Amino acid sequence: MRYPIMSILLIFTFLGHPLPAAAAEIDGPAAIEVVGRGEISQRPDRAILRFAIETNAAEADEAIRQNAAQAEKLIGQLKAMMAPDDTIATTQFQLHPVYNSKARIAPSSFRVNNTVQLETAQLNRLGAFIDAAAQAGSGRIGQLHFRHSQQGALALKAAALAVADARRTAEELARAAGVKIVRLQRMRYTGNRPPAPMRAEMAMAAPATPIEIGDLKIVQQVVAVFLIE
């Protein structure tokens with residue numbers, strides 16, 4: 001008879017202290033949370049090209065020497081075409097041992113990879129830069145992408161559009177729900193995100209390489225919470 005009595009006592013204990021209702025868990029002012037998106041399209045005014053130079057030799061110092069000679073020639077060709085505000089720099093230099101698949105104890109040769117980066121505002125001369133690099137011995141263009149010199153200011157404009165979009169969406173939802181917006185409670189801005197770069201992977205082509213330049217799309221988002229009644 002002891003076990004049924006204990007069960008009854010436990011039941012009364014839970015009835016005396018009921019669990020919180022679901023409504024209590026969401027206690028707070030009524031609100032609408034929305035995501036606003038703003039986008040600006042702008043033609044880029046800067047281009048970044050990365051030229052890759054690769055050399056192979058039986059000895060490491062010879063591979064480095066050959067690579068340095070090609071890099072010097074490449075940089076000389078590009079500098080002759082650069083404007084005063086263009087910049088050029090070596091962004092990567094790597095020396096790798098190359099092993100024979102049948103004998104991995106000692107390297108059979110050495111490979112040097114060197115990347116030279118050019119940033120220029122001369123968008124009308126991109127094809128000429130590429131062709132000059134090909135003539136100087138650069139095996140390929142590793143990357144070509146575009147940016148805008150005022151991307152920070154453009155991002156803020158896109159963010160302002162995102163705030164307006166959030167407000168517009170919240171008002172539409174409130175109208176559909178039969179309520180009205182009281183005020184903005186809080187807003188979260190993720191910060192200045194650069195646009196996804198416009199890139200082009202390409203091999204060195206014949207003289208007068210054509211380059212088509214599109215618009216950059218700068219997109220910003222905000223998360224906004226509006227109180228309603």
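1. The protein chain contains five helices and nine strands, where helices (H or I, at least four residues) and strands (E, at least two) are DSSP runs numbered from the N terminus. Along the sequence their order is α-α-β-β-α-β-β-α-β-α-β-β-β-β. The model is a predicted one, in which local features need pLDDT of at least 70 and side-chain atom pairs count only at pLDDT 80 or more, whereas totals for chains, interfaces and linings use all residues. Residues are numbered from 1 along each chain as its sequence is written, and side-chain values use heavy atoms, with hydrogens and water left out.

2. Of the 229 residues in the protein chain, 34% are buried; buried means under 20% relative accessible area, exposed over 50%, and partly exposed in between (1.4 Å probe, protein chains only). The chain exposes about 14,300 Å², of which carbon and sulfur atoms supply 57%; these areas come from the Shrake-Rupley method with a 1.4 Å probe, and for residues only the protein chains shown count as cover. Among contacts (heavy atoms within 4.5 Å) between residues at least 6 apart in sequence, 82% join residues at least 24 apart.

3. Helix α3, residues 60–79, has 20 residues and reaches 28 Å between its first and last C-alpha, close to the 28 Å expected at 1.5 Å a residue. That expected span is 1.5 Å times one less than the number of residues. Its buried residues are Ala60, Ala63, Asn67, Ala71, Leu74 and Leu78. Viewed down the axis of α3, these buried residues fall within an arc of 65°, so they line one face of the helix; the arc is that of the directions from the helix axis to the C-beta atoms. The cover over the buried residues of α3 includes β2 (46–57), β3 (87–98), β4 (109–120) and α4 (126–135). On the other side of α3, Asp61 and Glu72 are exposed.

4. Which residues of α5 are buried? They are Gln151, Leu154, Ala155, Ala158, Ala159, Ala162, Asp165, Ala166, Ala170 and Ala174. Helix α5 comprises 27 residues (151–177), and its end C-alpha atoms are 39 Å apart, in agreement with the 39 Å they should span at 1.5 Å a residue. Just after α5, Gly178 takes a positive phi of about 75°.

5. Asp165, in helix α5, counts as buried at 19% relative accessibility. Apart from its neighbours within four places in sequence, Asp165 is in contact with Val35, Gly36 and Arg37. Arg37 in turn forms a salt bridge with Glu39 (3.1 Å, N to O). Arg37 is partly exposed, with a relative accessible area of 44%, and Glu39 is partly exposed at 33%.

6. The count of salt bridges comes to 11. Another of them joins Arg175 to Glu172, with the closest N and O atoms 2.9 Å apart. Arg175 is exposed, at 54% relative accessible area, whereas Glu172 is partly exposed at 46%. Salt bridges that share partners also join Arg46, Asp85, Glu119 and Arg147 into one network.

Definitions and conventions:
Salt bridge = Lys/Arg side-chain N within 4 Å of Asp/Glu carboxyl O.
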